[in-house]
Amino acid sequence: MGFVAFAFLARMLEPERYGAVELAFSMVLLFAFVVEFGTDAIGAREVARDRDSVVRLAAAIPAARLLIALVAVPAMGGLAIAMGQPPETVRLVWTVSLGLLAIPWKGSWLLQGLEMMGWISVGGAIRMGVFALGVLVCVRGPEDLPWVGALEVAAAFAFAAWFAWIQQRRITPLRLSFAPAEIRRLLRQGLPLGLTQAVWSATQYLPTLLVATFVGGKSIAWFAAAHRIVMSVWTFSWLYH
């Protein structure tokens, strides 16, 4: 669904605006790993090892992620400005960055630790379904670029709402715990994994940012469109193995 949505956007938007979309999405994927900060693996491991930790971690991990997201949103918008991007692109980046605020409630780690993986796949289908359907309905030309950012944010929060609903109905009530000692412990343990994920993400998406910074214009679209095809094929292999 995502591949179809972006192929459609590449046809509907002129190259400069499609390049802005690819830049914004590359940045949000890069910053998403920063917000998660390795807590996915840490949380799944601890829940699988000790089921009694579910209530504590289900409150502490979203709180830790929310604190990081509150810093990541302005950092992402500020980076677009520092890169010297056009005002239209900067506005799109700021819009898309709001989707980072949904990541705290992305509870895939909790479901993985509890061996409820099937629910995660449903959430992914909901996310991409919301975005793809919205794109096909709302985007009819280059002037509809703002819709793309709004739809990405809507899809991110639909994804988070699915996990929140599953947690509330089947696992434990939703709540946040900002206990400093617990948050420090989680971030300290997640730091090595978080840095590893950030480096991996940078190797995939930093080239798009470099093209946008040093070349700009249509070149972003031509590079990012080819890069998306390669990444999509690579993802199928990664999922299979």
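The protein chain has an average pLDDT of 92, and 99% of its residues reach at least 70; pLDDT is the predictor's confidence in each residue, on a scale from 0 to 100. This is a predicted model, so to speak: local features need pLDDT of at least 70, side-chain atom pairs count only at pLDDT 80 or more, and totals for chains, interfaces and linings use all residues. Residues are numbered from 1 along each chain as its sequence is written, and side-chain values use heavy atoms, with hydrogens and water left out.

Now for the cavity. Rolling a probe the size of a water molecule over the atoms shows where empty space is left. Here a cavity is a set of points, on a 1 Å grid over the protein atoms alone, where a 1.4 Å probe fits but cannot get out, and its lining residues have an atom within 4 Å of a point. Searching the whole structure turns up one cavity of 30 Å³ or more. The largest cavity holds about 50 Å³ of space, a volume being the space filled by probe spheres set on the points, which are joined across faces, edges and corners. Its lining includes Pro-62, Trp-105, Lys-106 and Gln-167.

How values were computed. On a 1 Å grid over the protein atoms alone, a cavity is a set of points where a 1.4 Å probe fits but cannot get out, and a pocket is an open set with protein on both sides within 12 Å along at least five of seven lines; lining residues have an atom within 4 Å of a point.
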